[in-house]
Amino acid sequence: MTSAIGTKAASATGTDAIETLAIGKRFGPVVALDGVDLTVPRGTVLCLLGHNGAGKSTLVDVLTTLARPTSGTARVAGFDVLAEPHKVRRRIGVTGQFAALDDRMTPRATLVLLARLHGLGRRAAHARADELLERFGLAEVAARALRACSGGTRRRLDLAAGLTGRPEVVVLDEPTAGLDPVSRLALWDVVRGLARDGAAVLLTTQDLAEADRLADTIAVLRRGRVVASGTPGELKARVGSRSVTVRPADPAAAEQALRAGGITPALDPARGTLTVPAASSRQVSDVLRALDAAGIDPGDLTLSEPGLDEVYLALATPDSAGSARDDSVRGAA
Ligand SMILES: Nc1ncnc2c1ncn2[C@@H]1O[C@H](COP(=O)(O)OP(=O)(O)OP(=O)(O)O)[C@@H](O)[C@H]1O
Ligand SMILES: [Mg+2]
């Protein structure tokens, strides 16, 4: 096996830069991860999708050696997270660890400093900093004291800071949460660029559209388990491309009418809505016809592209249909 690796190329013995095998993590009675198997080959992006409490951050913490798994094994850049955490840490780019940056420093000075810490010479460190400032749209605020920078700027700097060492494995926990649309698009470009340059990227998100744009592979995490994985295309094929939602005056009666018409809707009692996957407009009219046959007005009608809810619905296990958004709210099952 590889050891004492100094360069990116030298460590590229296997193709999978992230590999987890039956990773489990418990917090007392809470099972945060329940046997997660994942691989992320070099040069690819894996998006880990899941609602609040699904276990995304816990998996990120295990991969970045911040948390110890209670069972299973994980290798990152060829090194075991339990046996060789220091070697893992030296090879990964993560975010969220630079929150305590010196407020009096500027984004440029921060990135130059980090690049120097990664062993770059003065000139190379400045070049690297400028490249990152450009990539993350920070050039305009490069010379501003951090304390005068907005929250979004700080987040982008935090992301840039995680990449100063040109990591071969990048692990990002909801990197686009709280970013404005422009910064979000810029980050997507950065992530794709990292993969093009050969890095393995694992990022978590609650946004199916984001995963669709970014991922080579999507893994859907639910209650600590991977309930589906595949390319965005494969996943969407299982989910259907769209759904139709109606809000009739009497949702229960409408549900009955749809079922009588051979259609299985997902009822959201809180919102009083019924949702049906509808890949074609024909399926939309089927819904309307079934309601009409029972003399039911559909009320508000909306067509939507699939989101994480639809993915979950399509993959629903008997206990999960219509369940709360927060996956940490566990049923008795
Ligand atoms: N330190 C901890 N102690 C106890 N329980 C924890 C701890 N960290 C996480 N959990 C629990 O583990 C489960 C998974 O949490 P995790 O933070 O990994 O979810 P997540 O998918 O990142 O959610 P979010 O979208 O809210 O960030 C949840 O039930 C959570 O309450
Ligand atoms: Mg989280």
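I looked up the sequence separation of the contacts (heavy atoms within 4.5 Å) in this predicted model, and found that residues 24 or more positions apart account for 68% of those in the protein chain with a separation of 6 or more. I note that local features need pLDDT of at least 70 and side-chain atom pairs count only at pLDDT 80 or more, while totals for chains, interfaces and linings use all residues. Residues are numbered from 1 along each chain as its sequence is written, chains are lettered from A and ligands numbered from 1 in the order in which they are written, and side-chain values use heavy atoms, with hydrogens and water left out.

**Whole chain.** I counted 11 helices and 14 strands, taken as DSSP runs numbered from the N terminus (helices H or I, at least four residues; strands E, at least two). Of the 333 residues, 46% count as buried, that is, under 20% relative accessible area with a 1.4 Å probe and protein chains only. The chain exposes about 16,000 Å², of which carbon and sulfur atoms supply 52%; the areas come from the Shrake-Rupley method with a 1.4 Å probe.

**Ligand 1.** I listed the shell, in which a residue belongs if one of its heavy atoms lies within 4 Å of the ligand, and found 15 residues, the closest being Gly-53, Gly-55, Lys-56, Ser-57 and Thr-58. The shell divides into 4 nonpolar, 8 polar and 3 charged residues, with Gly counted among the polar ones. For polar contacts (a pair of N or O atoms within 3.5 Å), I found an oxygen atom of the ligand 3.0 Å from an N or O atom in the side chain of Asn-52. A backbone N or O atom of Gly-53 lies 2.7 Å from a ligand oxygen, and an N or O atom in the side chain of Lys-56 is likewise 2.7 Å from an oxygen atom of ligand 1. Taken alone the ligand exposes 630 Å², and the protein buries 64% of that. Strand E2 (30-41) and helix H1 (56-63) are the elements that give two or more residues to the shell, and H1 gives the most, with 3 residues.

**Strand E9.** I then turned to E9 (residues 217-222), where 5 of the 6 residues are buried. Pairing, which requires at least two DSSP bridges between two strands, joins E9 to strand E3 (residues 45-49) in the parallel sense over 4 bridges, with Leu-46 opposite Thr-217. E9 also pairs with strand E10 (residues 225-230), in the antiparallel sense over 5 bridges, and here Arg-222 stands opposite Arg-225. The hairpin of E9 and E10 has 2 residues between the strands, and Arg-223 takes a positive phi near 50 degrees in it.

Notes. Buried < 20%, exposed > 50% of the residue type's maximum accessible area, 1.4 Å probe, protein only. Polar contact = N/O pair within 3.5 Å; in protein donor to acceptor, adjacent residues only side chain to side chain.
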